[in-house]
Amino acid sequence: MSNAVNEAAVPPKLKRRKLVDRTLPTGLDDVAEESALYHELQDMERSLDWTISRKRMEIQEALGRPVKIRRKLRVFISHSMSGQAWQEPTANDGLNFETGEGIPSWTLRIEGRLLDGGPQRLNKGTQRKFSSLLKSMIVEIDQDPSLYNESNIIETPQDGFEIKRRGDMSVKARIILHLEHFPEHFKVMNPLADIISVKEETRVGIIAALWNYIKMNGLQDKAHPTLVKFDPRLAQIPEVPFNNIPELVNRFLAPADPVILHHIISVEQPIAPNMQAFDIDVDMDDVFLKQKMNQALLSYSSEAQAAISALDDEMAQAAQAIRNSKLKRDFLTSFAEDPQRFIQTWIASQSRDLEVILGDDGRGVRDEDLRRSDFFRLPWVKEAVQVYEGLRSSGALKGR
């Protein structure tokens with residue numbers, strides 16, 4: 001029980017106040033020339049902190065928006081043959097109509113992959129699948145349906161696929177690719193397409209092109225900025241207020257045209273490899289750049305912040321030590337210049353401070369305050385009485 005009382009009687013340890021002031025005292029330039037360099041470093045630090053904060057905010061805002069990059073999608077189209085007359089001359093009794101063995105046929109292969117966007121993107125992350133870059137893919141085969149009971153229109157969403165058909169005659173194939181752009185692309189219909197000279201673009205790009213046309217031709221009303229003056233070319237489209245331009249643009253948008261590739265499936269004995277390659281531009285989100293942005297934000301980790309905070313504390317302590325040393329130097333310099341006058345001035349100053357603290361000569365408390373009863377109800381009065389009683393009981397005020 002006694003231990004608990006003793007522990008409760010021990011006052012809590014006061015928390016040390018953290019020093020934050022890193023400024024040097026005035027008048028130090030005449031004593032230490034290095035202080036000017038310190039001030040220059042402080043100015044540089046403020047400028048650098050402001051730049052870093054601004055860049056961090058710009059990166060955070062950019063991460064919330066789509067970062068578009070144009071990449072090359074290379075599509076490979078090839079075909080192979082089997083059971084053709086020039087390959088395996090067999091008798092009719094060697095044909096198996098159930099398994100297809102010995103029957104002349106061909107196989108069409110379609111594959112695709114993204115090309116690397118430069119040395120900085122080599123082997124960065126996993127390769128995107130061919131199907132993720134397409135909304136749909138349709139293959140149309142120019143083959144007589146009466147000869148073979150098979151569909152001539154094939155639609156498949158797979159990454160790379162094969163189409164196998166029976167036949168001993170060369171046919172034409174048409175591959176229709178509906179690309180998955182990011183952001184999505186739209187076809188601009190007339191008359192808007194002729195006005196802004198844009199055939200296909202993103203919705204934001206189309207609105208920006210129309211706004212550039214209005215701005216370049218001075219069609220925005222200066223007195224009323226929300227109004228647009230339609231010139232003879234814009235008169236071909238409905239007139240709307242300025243804030244309804246996005247809605248107006250939507251009326252002239254249609255799905256983007258697909259990419260159409262042609263390939264001839266020749267069953268003759270090939271002289272060269274039966275492969276074609278097509279490069280197609282695809283707009284997509286720049287995942288690599290966003291990863292770099294995230295790394296830039298995460299690089300300013302808690303460990304780095306702790307190290308910077310520790311350096312700031314050391315600088316604040318050093319600045320406090322310099323200020324204390326400056327006070328000591330000024331004190332000793334004044335004493336060395338005129339010791340007698342300095343001591344007299346110092347003693348007089350200490351006497352005034354002591355009189356104010358103890359309340360001697362009525363200078364500690366004004367007579368005007370003593371006449372007011374509210375003065376004795378102030379929070380500090382109770383503490384002052386306790387201090388006075390403690391001094392009197394210890395004999396410090398004997399004879400008064």
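**Exercise 1. Decide whether F342 is buried or exposed.**

Solution. Start with the cut-offs: buried is under 20% relative accessible area, exposed is over 50%, and partly exposed is in between, using a 1.4 Å probe and protein chains only. F342 has 17% relative accessibility, so F342 counts as buried.

Before going on, note that this is a predicted model, where local features need pLDDT of at least 70, side-chain atom pairs count only at pLDDT 80 or more, and totals for chains, interfaces and linings use all residues. Residues are numbered from 1 along each chain as its sequence is written, and side-chain values use heavy atoms, leaving out hydrogens and water.

**Exercise 2. Work out how the rings of F335 and F342 are arranged.**

Solution. Rings of Phe, Tyr and Trp (its six-membered ring) pair if their centres lie within 6.5 Å; planes under 30 degrees apart are stacked, over 60 edge-to-face, and the rest tilted. For F335 and F342 the centres are 5.7 Å apart and the planes are at 75°, so this pair is edge-to-face. As for F335 itself, its relative accessibility is 35%, so it counts as partly exposed.

**Exercise 3. Find how many aromatic pairs there are.**

Solution. The rule gives two aromatic pairs. In one of them, F331 and F342 have ring centres 4.8 Å apart and planes at 80°, so the pair is edge-to-face. F331, at 38% relative accessibility, counts as partly exposed.
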